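Me: Please take me through some of the labels given to this protein, setting each value against the definition behind it.

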Amino acid sequence: MPQHVRKPARNKLLTTGALCAATVLGLAALTAGGASAAEPANPTADYNNDGFADLAVGVPGATVDGKTKAGYVNVVWGGKSGLGKHGSTTVSQSTAGVPGTAEAGDGFGHTVTSDDMNGDGFSDLVVGTPDEDNDAGLSAGTVTVVWGSAAGFKGGFTAANGAVSDGGYGALLATGDFDKDGDQDIALNSHFDETSSVVVRSGPFTAGSSAKLSRVEGWHFAGPRALVAGDFDGDGGDDLAFSYDGMEVSGTTVKSRDAATGEWKTTWDTGDSTDTALATGDFDGDDTTDLAIGDVQPNPESESTACEDRLGGAILTVYGKKGTTLGGPSSCTTQGSTGVGGSAESGDNFGARLASTDTDQDGRDELIGGADAEAVGTAANAGTYWFLTSTGAGTPLAGPAFSQNSAGVAGTAEAGDRLGAAVTAGDYNGDGLPDVAVGAPGEDAKSGGVWYAATPTDGPRPAVTSVTPGKLGLAGASGYGAVLGR
């Protein structure tokens, strides 16, 4: 198959805008005119660079070579028929060229993201293994880059190794060129005793390159909960957003690194909520980067909160503004908001997983929200996901909800399925329009699965199909779909 060398987009996982009532991904069809106007999507995770996005599924609970919970990453290859029809491959610490050794309890694949880490046009896997033992036998964690190529994966590189017990390296990951030197960098978490930090391992990732970590932010009796990169100030470089939580502090902060001094400065902050998930996108189509903050809950130490109405969870959307960082209006969206499917109930975890993508390529991003604790009828924790679109900057998002009981969605909603435990997107069928993947790790007695929603180019909407370990012929998998690469 011919290789089209192009650099995958970085961390702009999903963009999109308002879908009209007759236009829904996995719900209704795009018009033929809209499809013909669409530009081909640039895959964010195309490991063999064949023009089709691939899906990386982290399975940290998988058995490898008889080692329980050693973990692997299963890469489901994209192709003209989308996910599940073109095979898959597994990558673990038993794979030739991948650093480390598969050991019981390592949990390789706990966190997975993707980027072109060496600029060769092929996406690479970036894998976090926070329970990996270091050379001293301490469970300190590691971050591994596994190189993509035309022939699949071709070995790997250790980007960061924890030095102390319970260092937790790799529990959180984000990639971007934070120092604006042309090399991709990796942001990750680190932990020591009673302190936790967000740190960056700068590129390049080559033999002999410095593995020194630069500290972005740190906390005592607190730590980071989510990381995401985005150009929030519009200068063409990557900034870093992270949520944090602890005994007396919580919130979400955006920091930018000065290319000349290397110093990190805070450019935006909200310290009045506890936040679970982050996603970037241009939701109002004004060519500035917006930030979505999921499952917003109040900080008990603050007199105010970002979202007063938060029964079952809330999504705070903060809009960008040219010339500043997130200087536009903000809005809160719950299941009680007008036009949002479902009913708000305590413990739903609405927005606990977020991703964004421009499914109809109209220049405005849609937000995909997951709530794996949502009940469907009497089935507790069956799970639900939403396609949410902007109704205007400063107003709540709106959009329908989908479960396994929705028309055209494979399966039946059952207690504990946890559909929506992870969400992501990519142009898996190469039609120029991003598709959506939603994890359900509790499916089939916790074997798990991923639900694939192709974006239709015309005609009736296609069925939302399932991709499961059984269909892929995987051995030793459990909780499949809990971790989806971004």
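Reply: Helices (H or I, at least four residues) and strands (E, at least two) are DSSP runs, numbered from the N terminus, and Thr158 lies in one of these, strand β7 (residues 152-161). This is a predicted model, in which local features need pLDDT of at least 70 and side-chain atom pairs count only at pLDDT 80 or more, while totals for chains, interfaces and linings use all residues. Residues are numbered from 1 along each chain as its sequence is written, and side-chain values use heavy atoms, with hydrogens and water left out.

Me: Why is Thr158 called partly exposed?

Reply: Buried means under 20% relative accessible area and exposed over 50%, with partly exposed in between (1.4 Å probe, protein chains only); Thr158 has 30%, so it counts as partly exposed.

Me: What makes Cys307 and Cys332 a disulfide?

Reply: The term requires a pair of cysteine sulfur atoms within 2.5 Å, and the sulfur atoms of Cys307 and Cys332 are 1.9 Å apart, so the pair qualifies. Cys307 lies in the loop between β19 (297-298) and β20 (315-318) and Cys332 in strand β21 (residues 330-333), so the link ties together parts that are 25 residues apart in sequence.
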